[in-house]
Amino acid sequence: MTENFDPAALMRRNIRALVPYSTARDEFSGEGITAWLDANENPFDNGVNRYPDPHQKELKSVISRIFGAPTDTIFIGGAGSDEAIDILMRIFCRPGLDNIVIIAPTYGVYEVSAAINDVEVRQVSLGDGYSLPVAALVDAADANTRLTWVCSPNNPTGNAFAVEDLSDLARRVGGMLVIDEAYVDFSDKGSMLPILDRFPNVVILRTLSKARGMASLRLGMAFCHPSVAKAMAMVKYPYNVNGPTQREVARRLMEHEDITDMIETIISERKRLERELPSKPGVRKVHPSDANFLLVEFDDPDAVYDMLLHGGALVRNRNRVRGCAGCLRITVGTPEQNELLLELLDSTGKKI
Ligand SMILES: *Cc1c(COP(=O)(O)O)cnc(C)c1O
């Protein structure tokens with residue numbers, strides 16, 4: 001992939017030719033307007049009676065500053081990064097013709113979104129120790145491969161891939177490489193974001209749902225080449241991020257710009273669980289993690305899952321996921337919640 005590669009060349013023809021819906025507030029900044037009589041809204045101010053900014057300009061300028069990316073490289077999704085995943089499928093993949101390549105195991109939404117869009121999915125198993133199979137991912141692709149998806153740190157395995165390996169893959173894939181960095185704040189292996197401008201075929205997904213603590217607000221971001229960001233903006237629903245969310249997210253990002261203390265607490269709790277879990281009854285293996293969760297292999301995962309549930313701790317059972325046999329995925333909680341988890345695991349030992 002050369003640096004003057006243009007992602008638009010890979011987009012579906014109908015998307016390249018698309019004339020987007022022009023919203024009521026597209027043409028105008030609003031300066032000098034005292035009577036908004038253009039959009040058939042209720043004129044009586046109740047805080048939410050006006051349509052929100054379809055381009056999320058103010059929020060984008062905050063995100064641009066905090067994440068260190070130019071505004072024309074940012075797409076914001078109002079249904080989390082899941083929205084960006086679906087829009088990328090719709091921009092690049094022709095239903096019934098094109099395919100995507102994903103690692104296995106990985107985040108389930110890529111496969112579901114591909115199925116919804118009638119796009120073939122080619123799965124490539126991770127290597128030993130859940131390593132990134134760069135050559136196999138390249139080999140799995142053909143002329144109709146539009147998107148290769150890598151989640152790093154990967155869900156549910158927890159490990160991150162080296163930026164050098166991801167860069168290598170970006171240079172070798174024929175189409176676009178989407179790197180889902182939902183958990184990157186918990187990793188010391190680094191992000192692709194600072195070097196994104198070297199890779200016009202890379203899209204980086206971020207979310208406010210994990211480290212930033214705003215899962216309920218449903219805000220996800222894609223950082224990418226301006227031509228991709230522009231196409232994504234044309235394909236999204238016009239008012240995809242509601243007004244209260246735009247304001248609330250901007251306010252929270254500015255007020256809590258620095259989240260290092262919280263991240264450090266979560267990482268030190270992860271390390272404590274990594275230390276203590278291996279000696280608990282029934283635990284076979286704790287996989288190394290660069291995220292805020294641990295993939296833990298048990299002798300009898302279904303029984304442990306039920307026991308934890310009974311004790312008031314819900315975890316994610318990944319026992320039936322390819323490559324994760326025997327495993328539960330456990331989110332790192334507060335110190336008190338983690339204590340409960342450890343105590344419950346001890347109590348099974350006594351029963352057995
Ligand atoms: C949680 C998660 C997301 C975030 O999804 P949102 O829709 O933004 O909440 C994205 N990718 C992965 C791999 C995740 O685990």
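Analyst: A residue is called buried under 20% relative accessible area, exposed over 50% and partly exposed in between, with a 1.4 Å probe and protein chains only. This is a predicted model, in which local features need pLDDT of at least 70 and side-chain atom pairs count only at pLDDT 80 or more, while totals for chains, interfaces and linings use all residues. Residues are numbered from 1 along each chain as its sequence is written, and side-chain values use heavy atoms, leaving out hydrogens and water.

User: How many salt bridges does the structure hold?

Analyst: Side chains of opposite charge can pair when their charged atoms come close. The cut-off puts a side-chain nitrogen of Lys or Arg within 4 Å of a carboxyl oxygen of Asp or Glu. The structure holds 19 such salt bridges. In one of them, Asp86 pairs with Arg90, with the closest N and O atoms 3.0 Å apart.

User: Where do Asp86 and Arg90 lie, and is Asp86 buried or partly exposed?

Analyst: Helices (H or I, at least four residues) and strands (E, at least two) are DSSP runs numbered from the N terminus. Both residues belong to helix H3 (residues 81-92), four residues apart, or about one turn of the helix. Asp86 counts as partly exposed because its relative accessible area is 22%. Arg90, at 29%, is partly exposed too.

User: Which residue forms a salt bridge with Arg146?

Analyst: Asp98 does, with 3.7 Å between the closest N and O atoms. This pair links distant parts of the chain, 48 residues apart: Arg146 is in strand S4 (residues 145-151), and Asp98 is in the loop between H3 and strand S2 (99-104). Arg146 and Asp98 are both buried.

User: Which residue meets Glu120 in a salt bridge?

Analyst: The partner is Arg122, at 3.0 Å from N to O. Glu120 has a relative accessible area of 41%, so this residue is partly exposed; Arg122, at 22%, falls in that class as well. Elsewhere, salt bridges with shared partners join Glu248, Arg251, Arg252 and Glu255 into one network.

User: How many residues surround the ligand, and which are the closest?

Analyst: A residue is near a molecule if one of its heavy atoms lies within 4 Å of it. Here 14 residues surround the ligand, the closest being Asp180, Tyr183, Thr207, Ser209 and Lys210. A polar side-chain atom of Asp180 is 2.6 Å from a nitrogen atom of the ligand.

User: How many aromatic pairs does the structure have?

Analyst: A pair of aromatic rings is described by the distance of the centres and the angle of the planes. Rings of Phe, Tyr and Trp (its six-membered ring) pair if their centres lie within 6.5 Å; planes under 30 degrees apart are stacked, over 60 edge-to-face and the rest tilted. The whole structure has five aromatic pairs. Among them, Tyr107 and Tyr110 are edge-to-face, 5.5 Å from centre to centre with 75° between the planes. Tyr107 is partly exposed at 24% relative accessibility, whereas Tyr110 is buried at 0%. Tyr183 and Phe293 are edge-to-face because their planes stand at 75°, with the ring centres 5.0 Å apart. They lie 110 residues apart, Tyr183 in the loop between strand S5 (176-180) and strand S6 (202-207), Phe293 in strand S9 (residues 293-298).

Methods. A polar contact is a pair of N or O atoms within 3.5 Å; within protein, one must be able to donate a hydrogen and the other to accept it, and residues adjacent in sequence count only if both atoms are side-chain atoms.
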